[in-house]
Structure formats: C-alpha cells, structure tokens
Amino acid sequence: MTELSLESASTVPAARGAIGSDLRMQRVRSAWIFLAPTLFMLAVVAGWPLTRTIYFSFTNASLTNLSGAEFVGLKNYLSWVTLKSGRTIFSGLLADPAWWGAVWNTLKFTLISVSVETALGLIVALVLNAQFPGRGLVRAAILIPWAIPTIVSAKMWAWMLNDQFGILNDILLGLGLISQKIAWTASPDTAMIAVLVVDVWKTTPFMALLILAGLQMVPGDIYEAARIDGIHPVRVFWRLTLPLIRPALMVAIIFRMLDSLRIFDLIYVLTPNNAQTRTMSVLARENLFEFDKFAYGAAASTMLFLIIATITVLYMWFGRVNLEGER
Amino acid sequence: MKLLATVAILGAIVGGGASAAELSIAANATGKAAEFLRARLGEFEAKTGNKVNLVTMPASSSEQFGQYRLWLAAGNTDVDVYQTDVIWAPQLADQFVDLTEATKDVTAEFFPSVIQSQTVNGKLVALPMFTDAPAIYYRKDLLEKYGKQPPKTWDELEATAKELQEKERAAGQSDFWGFVFQANAYEGLTCNALEWIKSSGGGQIVEPDGTISVNNEKAAAAIDRARGWIGTIAPEGVLAYQEEETRGVWQTGKAAFMRNWPYAYALGNGDDSAIKGKFDVMPLPVAAAGDQPSSSLGGWNAAVSKYSDEQEAAIELVKFLASSEVQKKRAVELSNLPTLPALYDDADIAASQPFMASWKPIFQNAVPRPSAVAKVKYNEVSSKFWGAVHNTLSGNGSAAENFELLEVELTELKGDAW
C-alpha cells in the first residue's frame, strides 16, 4: 500500500496540472523523505527475507548448509527426465500432488471462512450500528475473541472439542442433539469444520469492526430521506447501505483473504497432520524445517507468495477496489 | 534494597571467582518431568556453582525437532545442552560435539546397544539419559472381576477389550472404552504402527540393509486389524490422540487397556489418579504365537551443541544427567527405564517400580525405527509412513492400496541410495 500512496502523492498534483513544477518537485521530494523510514523497514523485514526465500528456491540449499547452496535453476519447481522406454517422469513442486492438495485445502478454507465471516460480520456490524443502551460495552466485548492470540484460542478450542472430555460434546449430548460423542478433530471431514468454526469465531469481530467503521461514514440524512419516501428497510439496505459501505467491505475482505490464505496455526494445532487438512503454509514449514528439503520448502513458500499475490491482484482488478479511500 | 544490592555484588564476585558458567538446556516436559529436571538442575548448580536455565519444549517430538533444527541451523549459542530423541542422532550429528573422549570413563557402564544408537560414524553424538519401550497397561482389577487373563495376541486383546467394554458399559460406565493408543498423524503413530507390523512378522518399514519392505501382506493385515479397532474398542478420537490424551482417558479410569511408554506408570500410581494400584503392565501382544513381541525403541539423550561457548561445563551437565545417581532417581520418581544395566538389580527401584526388572529384556529386543538407515531422510520416511497409516485408519483406502502407494513414494525418496 506504500507504493499506492506514493503514487498518489506524485500523480495527483500532476493531474491537477495547475501547480508549478518547482513546488511539485519539492512535494515529491518531501514525500520520498517521509516515506524513506517506512520503505527502509519494509525492505529489511519483508523485502530481504522474501528475496532470500526466492533465491533459495532456485538452489539445493539444506538447513544445515545454507551457505553452500548451489544454483539448480527451476528443479525445485519442475523438472523431468525421459526414460529409455520413452516415459517421461515429472518431479518438483508443480508436479507434486501433495502440493496441489494443500493448495486446494487452503482455497477451500479461504472461500468458506471469508464468506461466512463477511456475512456474519455484516450482521454484527449492522446491529452494533443501531442505537441501544450499553452499545459501547457490547462493542468492546465482541472484540475479545480477536484479542486472544490464535495459538491460545486454538489450544482452548482443542480441549473444548476433545471427544472424551470436551464441553462441546457434553452440551450437545445433554441437549440430546447427538447420540454419541463426536471426535471433532480426528476425522478429516469434521476436522475442517472444526477449524472453520474456530476461525469464524475468532475473526468475525475483526470483519464486524471494519464494516462498522464503513457504516459510520454513511451520512444519516440519506436514511432520513429514504424513511420519508417510505422505502422498505430491506431495499434501503441493498440500494443504499451496501453500495455505500462497499469500499470498506472490499478492503475488509482483502485483509481476511490475505490472512486466511496463509492459515497455519489453527490447522497445525487442531488437526492431525494429514493430507486432508494440510495447507500451503503447513506444507512449506514441514519441508523447510522437518524434512531435509529446505530449498523445496522455499519453493513452496515462493509459490504461496505468488498465489496470494495473484489472487489479490485479480480481486482488486475485478472488484475495482480503491485503496485510496475515494469512490 | 541496599542489602539486596550487596548480596548481588557479592554473588557476582563469588560467582566470577569460581568462573561459573551459565548454561541452558532444552528439554521436553511431559507429566512430572519438568519438575524433576528442575530439581536435578538445582543439585547440579549447588554442586558446581554453574547456573542452568531450563528451556521447556513442546510434548510432541516432531515439533521439538523442528525447533532444534532452526536453532542449530542458526548457530544458536544460547542453548548449550539439547535433550534429544533416540532417532535424531544421525540427522543432527554434525551440529553436536563428539562426546567420545569426554565420556570414555563412563560409557562402559551403559548398555552397548544404547551407546551404539547414539554413535554416528564413530562419533558419540549424545549420552543416553533414559531408554524407553512401550507397554500395554491393563486394568488388573477389571480382568480379575470378569475372570480374564492378560492377552498374549492382538486378537485376544481385541476380544478381551470388547468384552470388558460391553460389561463395564452395561454396568453404567457409558464412556468406557476397551483400548486406547496413539493414532494422531505424528511420530508416535510411526511407533504404534511399527509395533503392529513388526509383531505380525511384517518387517520394519525399511530394513537395516536399505530395502523398502513395507508393502507386504502381513504389514497390511496388521494395519487393517488396527483399523477395525477404531470406533469399536477404541474411540474415534484416537485418530487425534498423542500420548497425553491417551493417558487422560486411561488415568480417569475410562479404558481397560492402553499402549503407552513407561512414564505413565508412575503417574498412574500418583495420588490424584483414579486407577492408583489397579493396573499393571505387560509386553505388547503379537499377531500369532511364535511372533516376536516388538516395542519401538525410544529413549532420550543429552547432547552438547557445537555452538555452545561453555562446552566444558555443558559436558559436565550431560554426564551428571546420565549419571547412575540421577538415572536412579529418574527410575524411582518418573518410572523411566535406566540405560545402565546395574540399576535393574537395584533394590530401591525394584521396590518403587516393580515392573522394571522384567523390562530389561523387552527394551533389549526393542525394534529401532529406520532412522539409522534413512539418515537425513528419516523424518520424511516417517511422515509418509504415518500418513499412509493414518489414511487407512480413518477409512481412506485399504492398507494394501496405501502401502502400495507408499512403496512408490519411498522408492522415489530413496533415489540411488538412502
């Protein structure tokens, strides 16, 4: 986003055209000066590690011998040998079914979790936007799940979801909704559901807060006018509220999407480490640190970066998201 | 305040004079182990004047290994001593100090096989603190109540577990299960499955000569048998259980049989245990009479990081932790198996842990995981193996199908040589 604000700093005055070129030069210069510390920090904490990871993905580095890494080209991504029999065997990340399984798991998780969170977040935000006594307290209270570190809430939920001692099974049994204890995190089908439930519980407040901020920007007189004209509230929501908060909504969705595409902690803590729930980040970590395949893990990390970048760009393109806050 | 400052300065002077070292040891803390280790480190501090910090690690050994790898790769100088699993020696050998010279006065007292397991290319990577071989824990009160004998084969275990489960449930214990074990997808499942396979005559995944043997009928039958336990005599939740979750079910009196390591013995006889004095242990069953009972060889060792700047003091600590004195306390308090043959005849240990004397042959016949042959590729071998087993157990393909696939993957992983 830094680049975007930089762009606005330099292009907006140009578009206006009326300002003298000296002044413009000066403004551009001060913009750079003010941005320099941020750019420097970004380069150090994000740029450098990213470059290193991309570099390692083209080598045969192992964790115990990073300095002795040799360049091997695209071998970690894709390579093939043609056998004497004429059969061609592909290897590398792009030919690895485990990788594509992880990609699919991640996309599935992102799609479902972000959709549910957006819908719930919208409802919560609309409720919180209404005037009622104790609103401040409720607004603070609803943020609690978001404030708990993910690893803590994951562990907490792991015990609540435990099949033998978990409170969830106990409640459901008591209510007569289930006839026997369910091993939530054990079987692949319910494990994904369990992770989704915990993620929705945790991040809906975040969505609600961002959407609420958007809602509060909507001027009240529009609603007044609608009420005088006798427009049905549902129609008001679809025709007025939603279009007006769309920029805020789109930004909130982007944040959540970036976050859930790199989901690691919940999956890692809550589910058995098997192919049905493994995500891109889990796979990358496994190769980087547990197996002796650092370079392969670096390739997976690079692909993860590229996939997230592509999805974000596509989303912004199709959603016409304006991150400068203008409409 | 003044007094405190004086004491601090005095302490610094005295400490400085004795050239005290400040050491850190990374160790996992399951059950009472952390408390125990802190007490021993206190003794070491009093004896030598060195200071030792305990860095506690996660209970899951896979996670612990990942963290070690990161620290060692970064040349971390903060951690001097690492508590290491028996299977890690070949993978981490380059990062640890060779202990051969420093410990040659004591190595003769250890079981040669245990020292051998920590020796890589003639280099002694770590000194064994205790060894491990799992057992079947059984409720002797329930077996007596229903007139049953401790089972010798897996089928007998299944039948007895089923009967006990039905009868106990009928008696009002609706949560009672026949058998609990570790089937989460992690290193522990490799141990469990290796035991099922080896005790059925199905080999040990990768043989010592490097042959990949896992794709055979006996191995597949062993896993299919275990598949039949899930949801019948074992809760479906075992698919997400590690050691401590199993112990939770067992120690609250909700299971007739449990497969676990010896540490659960002392804890099960603790004052807060619902089954104190009501259980006993026995060797793992076999598939058919004549098969060899096979426990996975476990055990923990202490190694000195080559990046440590206090190597001498660190070696001293390692020798202290593996000493007869500490191992004896460990056996008495934590029911960990000693790595010194002499301790198996010790009267105090025999009095507090009566099972231990009979455990010597079991761990001596324990089956090692293929870590020595697969070397740095072991973790991936293990991960693929437990993946195939977990798939089978959760109903995702038959054992035969999954092992056929596993063989292809392992062959590819092996390449020209391990």
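**Two chains and where they meet**

In this predicted model, 19 residues of chain A are in contact with 28 residues of chain B. Two residues are in contact if their C-beta atoms, placed from the backbone, lie within 7 Å. Look at the side of chain A that touches chain B: its residues divide into 10 nonpolar, six polar and three charged. Here Ala, Val, Leu, Ile, Met, Phe, Trp, Tyr, Cys and Pro count as nonpolar, Asp, Glu, Lys and Arg as charged, and the others, Gly among them, as polar.

A word on conventions. Residues are numbered from 1 along each chain as its sequence is written, and chains are lettered from A and ligands numbered from 1 in the order in which they are written. Because the model is predicted, local features need pLDDT of at least 70 and side-chain atom pairs count only at pLDDT 80 or more, while totals for chains, interfaces and linings use all residues.

Now follow chain A. Its secondary structure comes to 13 helices and two strands. Both are DSSP runs, numbered from the N terminus: helices are H or I with at least four residues, strands are E with at least two. Chain A is divided into domain 1 (2-56) and domain 2 (99-295). These bounds come from an automatic or database domain assignment. The C-alpha centres of the two domains lie 34 Å apart.

An unreviewed UniProt entry annotates chain A with "transmembrane region" over residues 31-50, 109-128, 140-160, 191-215, 236-258 and 294-318. The positions are given in the numbering used here, feature names are shortened, and annotations may be inferred rather than shown by experiment. Take two of these spans. Residues 109-128 of chain A are 100% helix and 0% strand, with end C-alpha atoms 27 Å apart. Residues 294-318 of chain A are also 100% helix and 0% strand, and there the end C-alpha atoms lie 36 Å apart.

Of its 327 residues, 30% count as buried. A residue is buried if 20 or more other C-beta atoms, placed from the backbone, lie within 10 Å of its own.

Chain B comes next. It has 18 helices and 11 strands. Its C-alpha atoms fill a box of roughly 70 × 55 × 40 Å, taken along the principal axes. Buried residues make up 52% of its 418 residues. How does the radius of gyration of chain B compare with that of a compact globule? A globule with 418 residues would have a radius near 22 Å, and chain B has 22 Å, so the two agree. The radius is taken over C-alpha atoms, and the globule rule is 2.2 Å times the number of residues to the power 0.38.

Definitions and conventions
A residue is buried if 20 or more other C-beta atoms lie within 10 Å of its own, exposed if 12 or fewer, and partly exposed in between; C-beta atoms are placed from the backbone.
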